[in-house]
Amino acid sequence: MTRTPLRPLARILEARSRGENPDAIERENLRLRQEEMRDRARRRAEGRLLVLAALFFCAFGLVGGRMALLAQSEPGEPRTSVAGARILAQRADITDREGRILATNFDTHSLYAQPRDMVDPGHAADRLVEIFPSLDRARLMRDFTGDRKFLWIRKTISPEQQQAVHDIGEPGLLFGPREMRLYPNGRLAAHVLGGASFGREGVHAAEVVGVAGVEKYLDDRLRDPARAHEPLTLSLDLSVQAAMEQVLHGGMRIMNAKGASGILMEVETGEVVAAASLPDFDPNDRPSLPTTGHQDDSPLFNRAVQGVYELGSVFKVFTIAQALDLGLATPDTMINTESPMTWGRFRIRDFRNYGPELSLSDVIVKSSNVGTARIAMDIGATRQRAFLDELGFMQASPLEITEASGSKPLLPKNWSEISTMTISYGHGLSTSPMHLAAAYATMANGGRKIVPTLLRDDANAPGARVMSETTAAALRKMLREVVTEGTASLGEVAGYAVGGKTGTADKPNPTGGYYEDKVISTFASVFPADDPKYVLVVTLDEPVETSGSEPRRTAGWTAVPVAAETIRRIAPLLGLRPTIEPLDLAAIRQASN
Amino acid sequence: MMRSLLYVLTSLLVIGLAFWAYRENYRTQEAQARAQHLQQSIAETRHRLRVFNAEWAYLNRPDRLKDLVEMNYDTLELMPMQPDQFGRIDQVAFPAPPSLRITNPVDVSNMEPAQ
C-alpha cells in the first residue's frame with residue numbers, strides 16, 4: 001500500500017503561490033486517510049462477523065440435525081454393551097423358600113384384527129369360530145364389516161392356535177407379542193398368590209398387573225425393572241403346602257365341612273410356611289367375583305385371612321396367660337367353676353359341669369368357660385384389651401396380601417364387663433385364623449411378639465416381649481396337657497409332642513342370634529411342645545362328624561384329628577425328627593451348696 | 001533431495017495409516033455384528049431357559065407327581081414320608097473292611113501234624 005504524504009510538496013507550493021493556506025491541504029489529506037482507515041476496519045469487522053455467524057450456524061445446525069436424527073430414529077439396543085440382556089421379563093418370578101417356581105412369565109401372542117385390511121371377512125370369521133369355539137360369528141361379522149378400524153379377538157393364544165390362524169391366510173388378522181403370567185402348580189397356594197391380568201394393552205406389549213394376593217400387594221416390587229431378574233422369595237414351602245392342602249381337603253370331606261383353612265407358621269420368625277384355604281381356585285383362570293350369594297361361599301374367599309369369626313375357646317389361653325403374667329394366679333390356683341355362673345341377666349355355662357372348682361391349668365385342659373370368665377373379671381376390661389392389643393388382635397393382619405386388609409377384627413362397641421367375660425373364652429371378638437396363629441407363635445417362642453409374614457428373610461425375628469418366659473413355658477405345658485389328657489386327645493402324634501387348644505364356636509346367624517347346628521371348629525397347636533418350632537392352626541367351617549350315634553361338632557372330634565394328620569404328614573417334610581419327650585424336670589430340685 | 005524423500009515417506013505413511021484405519025473400521029464393524037449376534041443368541045437361550053424352567057415347574061407340580069406315584073405304585077411303592085423313617089447315623093452299619101486278597105493259598109487241613 002502506498003502511503004500518500006500529508007503535505008505533498010507540489011500541491012503546497014502551488015497553493016502557496018495562489019496565496020492559500022497549505023494547512024487546509026494537510027487537513028484534507030488527513031481526513032481522507034482517516035476515512036480510508038475507517039472503511040478498512042469496518043470491512044474487516046464485517047468479515048469477522050460473517051465468519052462467526054457461519055460458525056454458529058454450523059454448530060447449531062449440527063446440534064439441531066443430531067436432535068432431529070435422534071428423534072426420528074427407531075430405538076435400538078446398544079450393540080456393544082455387555083449387560084444388554086439383563087432384563088429378562090417385565091415381571092419378576094415368585095418362588096417358594098427353596099427356589100421352586102410358584103409364578104413365572106410365559107411368552108405368547110395376542111390376536112387382533114384390522115378390518116380395513118381384510119380380504120374375505122366371511123371366510124375369516126368362519127375359520128376363527130372353528131378355532132375358538134367361544135367366539136360369536138355374528139358379532140365377529142358385525143365387527144369386521146362395520147367401521148371399526150381395530151379390535152382385539154383374543155388376549156392370549158397358544159402356538160397351535162397361532163398356527164391355525166396363520167393358516168387362514170387373512171392379512172387383516174395380526175399377532176402381538178404378549179407376556180402372560182403362569183402358575184405352573186395350578187391351584188396350589190392360590191389364595192396367597194392371588195392372580196394377575198393385563199393392565200394397559202398395546203399392540204406390541206401389555207402390562208401384567210396383579211389383581212389379588214401377593215401379586216397385587218407387591219405389584220410395585222414385582223414390576224420394578226431394576227429387580228425384575230431376581231425372583232421374589234416367599235416363605236411358603238411347596239411340598240408342605242401341597243401336603244397340607246391334600247390333608248385338609250380329605251379332612252374337609254370326611255368331616256362334611258363347607259370350608260377349611262390351615263396355617264403353618266414358624267414360631268421364631270413369623271414366616272408362614274403354608275397357608276391353605278378350601279375351596280380354592282386356579283389362579284391361571286381366576287373366577288370372577290360372585291355377584292349373588294354370600295361372599296364367604298366363593299372360592300376366592302381366603303378363610304385363613306378374611307374369615308373373621310368368633311373362634312371360641314382357643315382364646316382362653318390368652319386370658320390364662322395374662323393372669324399368670326400379672327401374678328394373679330399360678331397354674332395350681334383353684335378357680336371357682338360353679339356352672340352356670342350368673343352375671344346380671346347373663347348366664348355363662350360350661351359344656352358340662354366340672355364341679356365346684358378346678359385348678360388354673362385344668363380350666364384350660366377341661367376348657368371351662370366359667371373359670372375363664374372369673375379370671376377375666378380379676379384382670380378387668382382395660383388390661384384385657386391392652387394385652388390383646390399387644391398380641392395384635394386390634395388391627396388387620398399385616399400379612400403381605402391385599403386380602404389382609406379385610407381381616408380387621410370385629411370388636412365389641414362397648415367393652416363392658418360382660419364383653420370382658422365372653423371375650424375371655426373367645427366370644428364377642430371376631431378375628432381371623434392368621435391373627436390366632438401369630439398370637440400362638442408369640443406364646444410358643446417364649447413370649448416375644450410375632451408379626452406374620454409371607455416373605456423369606458433372614459432378618460425376620462421376634463419383636464418386643466409380650467409375656468414373661470416363665471408364663472410362656474407354663475402355657476406350653478398346659479397346651480401339652482390339653483392333648484395328653486384334655487379335649488384334644490385325638491391330636492396326639494407319636495414323637496412330636498403336640499400341644500394345643502380346641503375351640504368350637506357357634507356361627508352367628510345373619511338374622512340375629514346363633515345357629516344351633518353350625519359351628520366353626522378350630523384347633524390351634526404348637527409342636528413339639530417342649531421346644532416349639534411351628535404353630536399350626538386348622539379351622540373347619542360347619543363340620544359334622546357322623547361316625548357316632550349322634551352328630552358331633554366339637555373341635556375335639558373334627559378339627560383336631562385333621563390337624564393331627566396334617567402334623568403327621570408335614571413334620572417329616574419339615575425335617576423334624578420324632579423325639580422322645582423329655583421328662584418333667586420340675587420334680588428334680590437343684591441341690592447345690 | 002532430502003525434502004522430496006520426506007514428502008514421499010510422509011505420503012507413504014498416510015497411505016499406510018489410511019489402510020490400517022480402513023481395516024480397523026471393518027474389523028470393528030465385524031466384531032459389533034458378532035457381539036450383536038451373540039447378544040441375540042443369549043437372549044434366545046435365556047428365553048428358552050425360562051420356558052424350560054416353567055415346563056420343569058409344570059411337570060413337577062405336586063398334583064402330577066402324586067398322580068404318577070399312584071399310577072406307578074406297583075413298581076415304586078412310594079408312600080408319603082413317615083416319622084419313623086428318620087434314623088440316626090449310628091444305626092447305619094459301617095461298610096465291611098475289604099477282604100485280603102489271597103493269591104497263593106496253602107492247604108493246611110490235610111497236612112500231617114508236626115511230630
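Trainee: What is the order of the five strands in the open sheet of chain A?
Mentor: The order is S9-S8-S18-S17-S16, with antiparallel pairing. Strands (E, at least two residues) and helices (H or I, at least four) are DSSP runs numbered from the N terminus, and two strands pair if DSSP finds at least two bridges between them. This is a predicted model: local features need pLDDT of at least 70, side-chain atom pairs count only at pLDDT 80 or more, and totals for chains, interfaces and linings use all residues. Residues are numbered from 1 along each chain as its sequence is written, while chains are lettered from A and ligands numbered from 1 in the order in which they are written.

Trainee: Which are the edge strands?
Mentor: Strand S9 (272–278) and strand S16 (499–508) of chain A, each pairing on one side only.

Trainee: How many bridges join S16(A) and S17(A)?
Mentor: Nine, and S17(A) covers residues 514–527. Asp506(A) stands opposite Val519(A) there.

Trainee: Which strands does helix H17 of chain A lie across?
Mentor: H17(A), residues 469–485, lies across S16 and S17 of chain A, at about 75° to S16(A). Axes are lines fitted to C-alpha atoms, for helices over the stretch in contact, and angles run from 0 to 180 degrees between N-to-C directions.

Trainee: New topic: how many residues does each chain put into the contact?
Mentor: Chain A gives 26 and chain B 22, where contact means C-beta atoms, placed from the backbone, within 7 Å. H18(A) supplies the largest share of chain A's side, five residues.

Note on methods
Two residues are in contact if their C-beta atoms, placed from the backbone, lie within 7 Å.
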